[in-house]
Amino acid sequence: MSSSNCIWHPFTQMKTASPPLKVRSAQGAIIELEDGRQLIDCISSWWVNLHGHGHPKISAAIHQQALRLEHVLFAGFTHEPAEQLAQKLLEVLPKNLKKVFFSDNGSTAVEVALKQAYQYWYNRGEMDRTSFLCFEGAYHGDTVGAMSLGGRSLFTKPFNDLLFDVHYAPFPADHSKNVFEKEQQTLSFIDSELSARSFAAVVIEPLIQGANGMRICRPEFLTQLQKLVHRHNTLLIYDEVMTGFGRTGDWFASTKTDTQPDIICLAKGLTGGFLPLAVTVCSEEIYESFYSDDSLKTFFHGHSYTANPLGCAAALASIELLHAQPDLFAGMQQRHQPYLERLRNYPCFENIRCCGTIAALDVVVQGQKGYLHQIGPQIRIRLLELGLLVRPLGNVLYLMPPYCITDAQLDHIYRGIETVAKERIILF
Ligand SMILES: *Cc1c(COP(=O)(O)O)cnc(C)c1O
């Protein structure tokens, strides 16, 4: 048995997948394999990396913190990196968000949000506020609560009976001609749902549904959604696990759209892609419903590594880098744009779209689309040969590069995509 035979990889059919590529090191946007090959990381290593791999400032911050305090329990104790990080986060988040709860990853950030929203009503004695309104196709993570909030899909199929029921509204993706009508239909549907029963919260991936294929909605939709949700006196939860920290071209989807969720979930980019860390940040009003002499109103939730100081130190360094060069994320859409215009000349691509640092397109395919469509792996393998790391979502090819991507690297990426487009007839 080789040393790799004892490892079970995520989202991988171990029987049919080709052996994993062994990585030796990574610098900036480049991943170097054991065999010496170099790949451009076009997807920021599953959307986590912001400033490039091995950034010296973040590496140094982790090193310095490890020499001082690597970890300590967070119940009954606190430490400087966590306190500073909470402060720095509040400075860039919507102003109504006041209390920072730490956890470990996007799924736990979502679990915390759903439990906070649920117990908020419980603590206030409104016991009937038990339903969640979510969006078709949403992805909120792989733990059971987060899966429940997400759309039912082939990922959730074996577990569907285990998941709690939620209500779904259609997500008004803007790559269609009648987007305005779709938005109005969705809003009136939500209006009637919220009138019909008592909801704990409405949960959305604001601006972009990620795992479901980089589906973008218009900022105007979020403005109206917020109004509607608040008119019904319901909570609004933003899952900004993917969209946070510059991905949409602004600090957050909420700041870009000038909307204010009652709870926000942040994870992927929080530490710049160095360490697993997440936060769920809520409004004063939610916090107040737990703040009591009654110990039964406590939020009984926590993880062993809550507010890990190394993660907090990495996050502080990463946020400093974002402040130092906001033009890197704010300006990336303009860098994608001319390339995307060129791709419009290829009839094999449709719905070419961009939101901030994220660019995406649909490859025109025969038959049923979806995550398992064979075109995804075919494109991935061909682009790998061209030195590019991508992971299409079915027939959706997307780019989400680290903000340090150079002009030459971006050029290389888009030339690779054009090569695939030209070869398309032979390939598929
Ligand atoms: C990735 C993701 C999650 C889950 O985060 P993990 O860190 O993988 O658990 C949740 N919500 C959204 C929108 C995501 O993109």
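Reply: Let's start with histidine 373, which touches Val365, Gln366, Gln368 and Gly394, leaving aside residues up to four places away in sequence. Bear in mind that this is a predicted model. Histidine 373 sits in the loop between β14 (358-363) and α13 (375-385). A polar atom of its side chain lies 3.4 Å from the backbone oxygen of glutamine 366. With a relative accessible area of 18%, histidine 373 counts as buried, because the cut-off is under 20%.

Now for the aromatics: there are 18 aromatic pairs. Take tryptophan 47 and tyrosine 398, whose ring centres are 5.9 Å apart with planes at 85 degrees, so the pair is edge-to-face. Tryptophan 47 belongs to helix α1 (residues 44-47) and tyrosine 398 to strand β16 (residues 396-399), so the pair ties together parts 351 residues apart in sequence. Tryptophan 47 is buried at 8% relative accessible area, and tyrosine 398 is buried at 1%. Phenylalanine 135 and phenylalanine 221 also pair edge-to-face, with ring centres 6.2 Å apart and planes at 85 degrees. Here strand β5 (residues 131-135) holds phenylalanine 135 and helix α7 (residues 219-231) holds phenylalanine 221, so the pair ties together parts 86 residues apart in sequence. Phe245, Trp251, Phe252, Phe329 and Tyr403 form one aromatic cluster.

Last, the second largest pocket: it has about 670 Å³ of space. Of its 23 lining residues, Val100, Phe101, Gln116, Tyr287 and Phe299 lie nearest the centre. β4 gives the most to that lining, with 4 residues. By class, the lining has 12 nonpolar, 8 polar and 3 charged residues.

Technical notes. Residues numbered from 1 in each chain as written. Predicted model: local features only at pLDDT ≥ 70, side-chain atom pairs only at ≥ 80, totals over all residues. Heavy atoms only, no water. 1 Å grid on protein atoms, 1.4 Å probe; cavity = no way out; pocket = protein on both sides within 12 Å on 5 of 7 lines; lining within 4 Å. Points joined across faces, edges and corners; volume = space filled by probe spheres on them. Helix = DSSP H or I, 4+ residues; strand = E, 2+ residues; numbered from the N terminus. Nonpolar A, V, L, I, M, F, W, Y, C, P; charged D, E, K, R; others polar. Buried < 20%, exposed > 50% of the residue type's maximum accessible area, 1.4 Å probe, protein only. Polar contact = N/O pair within 3.5 Å; in protein donor to acceptor, adjacent residues only side chain to side chain. Contact = heavy atoms within 4.5 Å. Phe/Tyr/Trp six-rings, centres within 6.5 Å; stacked < 30°, edge-to-face > 60°.
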